[in-house]
Amino acid sequence: MADERDPQISQRYRQLGTEEPSPELDRAILGAARRATSRHRWYSSLAAAAVLIFAVALVVQIERQPPDQAPMSAPATPVLSPRTQDKVAPQEREAPPARPAPRRRVEQAPAPPPAPAPQPSANIAAPMAGAAAETRTAPQVQRSMGARLSAATEAQANLAETPEQWLERIARMRQLGRDEEAEKELARFRERYPDYRIPEAMAKKLEKQAPSPAAR
Amino acid sequence: MEAPDEELMLAYKAGNAGAFETLYARHRARLYRFVLRAVKVRAVAEELFQEIWMRVIEARGRYTPQARFTTWLYTIAHNHLVDHWRKRGLTLVALDGEELPAAADPDPADEAQARQALARFAAALDALPALQREAFLLHEESGLSVAEIAAATGSNEEAAKSRLRYALAKLKAALNDG
């Protein structure tokens, strides 16, 4: 059963032609493959650095939160009081290396809308807020941080979802008629798992209702 | 001795662009014909062909040689074709057991018999249900076994075998017809 080929059919099939991709297409694909590897070299170092910077920025951010705004009891390590913080030079507070990481974060998970009424007294948001020198109150910062963390948690949850669970979720979207959403989600799934073999039973569930055959 | 595909893919994963070039050179023509015969339109085939290779490039970090590289490559190709049809509101359906559609009109010129037979064969191939044509192309063009066809298309071996046999029977009928 290893080879079902019929020599007559094979011969006739070969006579249909031996079309090949154009040289332009070859160049485009090989160029993309080369660029991907050159990107890979510095990207892995950059990614590691970005994660480290983000972690440091988060620690600094949490440590600089005023104690009265902190959700938990007094931290174990000494923290600057709000008054002391006000005296800290802005350049010391803004922790420049922290910027690339939050920006990266913003790309992954959209930030909540900007605070409507910025207050100049609480500039501690600056390291997490990107290049714009906007100021926010501590509760706003907390909300912003909360949103970021929940977005990050959601992203983590997405990553934790198995391919099967992900497909079931998309199938449910189909059942509910949320076709556009299902299409987008399926495209994301394919980006992440281009080689995942979707069982035929599941593939049927992922299709739109009332299909017209492509077989003809 | 030539390096196996799986080794080349792992080398590419590790950053060796030259390994990809070898791999690409080995599979480009067959994959291209597989896609072209599946969608039948050159412009569409070129676009899909490029996208399939882009997926390979993007997925290199997750590549593990659990099966033959060829099976992995054609799994990606199959998935991409399915997506392509789904986006156009079409779907792959199994029409096993249907009647073979009429072949192309015969060429009246006697000297064109060979061309006529080829046209009939091409028409029969085009007329195959998509899943049967895919099974045939994966076997004939890409050299996949029945088990590998099943793996690449997410079906079981019985279904893959059945599709391939239907396809071969219809093509054989087209060969013998006239």
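In helix α8 of chain A, the buried residues (those with 20 or more other C-beta atoms within 10 Å of their own, C-beta atoms being placed from the backbone) are A:A182, A:L186 and A:F189. Seen down the axis of α8(A), these buried residues fall within an arc of 55 degrees, taken over the directions from the helix axis to the C-beta atoms, so they line one face of the helix. An α-helix has 3.6 residues a turn, so residues three or four places apart point the same way. On the other side of α8(A), A:E180, A:A187 and A:E191 are exposed, that is, with 12 or fewer such neighbours. The cover over the buried residues includes α7 (163-175) and α9 (200-206) of chain A.

The model is predicted, with local features requiring pLDDT of at least 70 and side-chain atom pairs counting only at pLDDT 80 or more, whereas totals for chains, interfaces and linings use all residues. Residues are numbered from 1 along each chain as its sequence is written, and chains are lettered from A and ligands numbered from 1 in the order in which they are written.

Elsewhere in chain B, B:K40 is found in the loop between α2 (17-39) and α3 (42-58), and its phi is near 70 degrees, a positive value in a residue other than glycine. B:K40 counts as exposed because it has 11 C-beta neighbours inside 10 Å.

Technical notes:
Helices (H or I, at least four residues) and strands (E, at least two) are DSSP runs, numbered from the N terminus. Two residues are in contact if their C-beta atoms, placed from the backbone, lie within 7 Å.
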